[in-house]
Amino acid sequence: MIMSNQNRDAEYTMGRSEEETQRLIEQSQLYDDVTRRFLLRSGIAKGMKVLDVGSGAGDVALTAAEFVGH
């Protein structure tokens with residue numbers, strides 16, 4: 001049976017333990033200031049489009065979205 005993307009579970013393909021989820025949250029908090037300074041210095045601004053490829057759990061993409069206004 002072939003499942004469409006609409007029917008697939010939204011879980012991470014490789015699975016993730018509660019401990020791993022907590023580690024990713026703590027890592028995001030630890031690097032948040034550095035990430036924001038990096039994005040600020042990179043010249044990313046409102047209205048720009050940013051492509052985030054393979055950077056992990058998505059926290060960098062969410063921060064970049066704040067910079068571009070999405």
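The model is predicted, so local features need pLDDT of at least 70 and side-chain atom pairs count only at pLDDT 80 or more, while totals for chains, interfaces and linings use all residues. Residues are numbered from 1 along each chain as its sequence is written, and side-chain values use heavy atoms, with hydrogens and water left out.

Helix α1 covers residues 18-42, 25 residues in total; helices here are DSSP runs (H or I, at least four residues), numbered from the N terminus. From its first C-alpha to its last, α1 reaches 34 Å, close to the 36 Å expected at 1.5 Å a residue, where the expected span is 1.5 Å times one less than the number of residues. The helix has a kink of about 50°, centred on D32; the bend at a residue is the angle between axes fitted to the seven residues ending there and the seven starting there. Just after α1, G43 takes a positive phi of about 95°.

T63, which lies in helix α2 (residues 59-68), is itself buried at a relative accessible area of 7%. Leaving aside residues up to four places away in sequence, T63 touches D32, T35, R36 and L39, contact meaning heavy atoms within 4.5 Å.

Turning to charged side chains, the structure holds three salt bridges, each defined as a side-chain nitrogen of Lys or Arg within 4 Å of a carboxyl oxygen of Asp or Glu. R23 pairs with E20, and their closest N and O atoms are 2.8 Å apart. These two residues are three apart in helix α1, so about one helical turn separates them. R23 is partly exposed at 39% relative accessibility, as is E20 at 30%.

R36 forms a salt bridge with D32, with the closest N and O atoms 3.0 Å apart; the two are four residues apart in α1, again about one helical turn. R36 also forms a salt bridge with E66, with the closest N and O atoms 3.0 Å apart. This second pair links distant parts of the chain, R36 in helix α1 and E66 in helix α2, 30 residues apart. Relative accessibility is 24% for D32, 28% for R36 and 47% for E66.

Conventions. Buried means under 20% relative accessible area, exposed over 50%, partly exposed in between (1.4 Å probe, protein chains only).
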